[in-house]
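Subject: Structure handover

Hello,

Please find the structure we spoke about below. Have a look at it before you read on.

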Amino acid sequence: MNKTEPIRVLILCTGNSCRSQMAEGIARYLADVQGLNVEARSCGTIAQPGMPASENAVTACQERGVDISTHTSQPLTSDLVAWADQILVMEAGRITESGVHQQLLARGGTYAQLWALQQEPFITELTASASRQGKVEAK
């Protein structure tokens, strides 16, 4: 078995207290279940650092076997963008209004609107992206 670098996915919303934290938890859970070499993080364009996930988000995830109870919010930074291979955004304007999309694209990364992926399961997009970048583990 040949290990490769993981695909790094950053999930971006506004406050990083609900949607993006849930998506991060679900991405980690699905990557684990599917055996994919994926790392996921989340952040918000106006997030206050260190805030817990909303109680409703924690409960909704727990009902589906996903634990986000220890997650804390973090603001979008250029370091997070530099870390990411792919950025998934909750709203169309988040990536361009933050100005980080140019930094990501300049080094060959990609971004997509998370809601636009509803025609195809989230994990399928992660798998396809990892495959395109040569970051899936050889079996």
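What follows is a short account of what was found in it.

The model is predicted. Please keep that in mind when reading any distance below.

Overall layout

The protein chain contains six helices and four strands. Followed along the sequence, these elements come in the order β-α-β-α-α-β-α-α-β-α. The chain has 139 residues, and 43% of them are buried. Its exposed surface comes to about 7400 Å², of which carbon and sulfur atoms supply 51%. As for how the chain meets itself, take the contacts between residues at least 6 apart in sequence: 75% of these join residues at least 24 apart.

Helix 1

Helix 1 covers residues 19-34. This helix has 16 residues and spans 22 Å from its first C-alpha to its last, close to the 22 Å expected at 1.5 Å a residue. Which residues of helix 1 are buried? They are Ser 20, Gln 21, Ala 23, Glu 24, Gly 25, Ala 27 and Ala 31. Just after the helix comes Gly 35, which has a positive phi of about 70°.

Helix 1 also holds a charged pair. The side chains of Glu 24 and Arg 28 form a salt bridge, with 2.8 Å from N to O. The two residues are four apart in the helix, so about one helical turn separates them. Their surroundings can be read from the accessible areas. Glu 24 has a relative accessible area of 5% and is therefore buried, while Arg 28, at 45%, counts as partly exposed.

The other salt bridges

In general, side chains of opposite charge can pair when their charged atoms come close. How many salt bridges does the structure hold? The count is four. One of them joins the side chains of Glu 63 and Arg 64, at 3.7 Å from N to O. Both Glu 63 and Arg 64 are exposed. Salt bridges with shared partners also link Glu 5, Arg 8 and Glu 39 into one network.

Arg 8 lies in strand 1, which runs over residues 7-13. Is Arg 8 buried or exposed? Its relative accessible area is 18%, and the limit for buried is under 20%, so Arg 8 is buried. Setting aside neighbours within four places in sequence, Arg 8 is in contact with Glu 39, Trp 83, Ala 84, Asp 85 and Gln 86.

The charged end of Arg 41 sits over the ring of Trp 83, at 4.1 Å from the ring centre. The count of aromatic pairs, on the other hand, is zero.

Cys 61

Cys 61 belongs to helix 2, residues 55-62. With a relative accessible area of 2%, Cys 61 is buried. What does Cys 61 touch, not counting residues up to four places away in sequence? The answer is Met 22, Val 66 and Ile 68. Cys 61 and Ile 26 are 35 residues apart in sequence, yet their C-alpha atoms are 7.8 Å apart in space.

Regards

Terms used: Residues are numbered from 1 along each chain as its sequence is written. This is a predicted model: local features need pLDDT of at least 70, side-chain atom pairs count only at pLDDT 80 or more; totals for chains, interfaces and linings use all residues. Side-chain values use heavy atoms; hydrogens and water are left out. Buried means under 20% relative accessible area, exposed over 50%, partly exposed in between (1.4 Å probe, protein chains only). Contact means heavy atoms within 4.5 Å. Accessible areas come from the Shrake-Rupley method with a 1.4 Å probe; for residues, only the protein chains shown count as cover. Rings of Phe, Tyr and Trp (its six-membered ring) pair if their centres lie within 6.5 Å; planes under 30 degrees apart count as stacked, over 60 as edge-to-face and the rest as tilted. A charge sits over a ring if NZ of Lys or CZ of Arg is within 6 Å of the ring centre and within 35 degrees of the ring normal. The expected span of a helix is 1.5 Å times one less than its number of residues.
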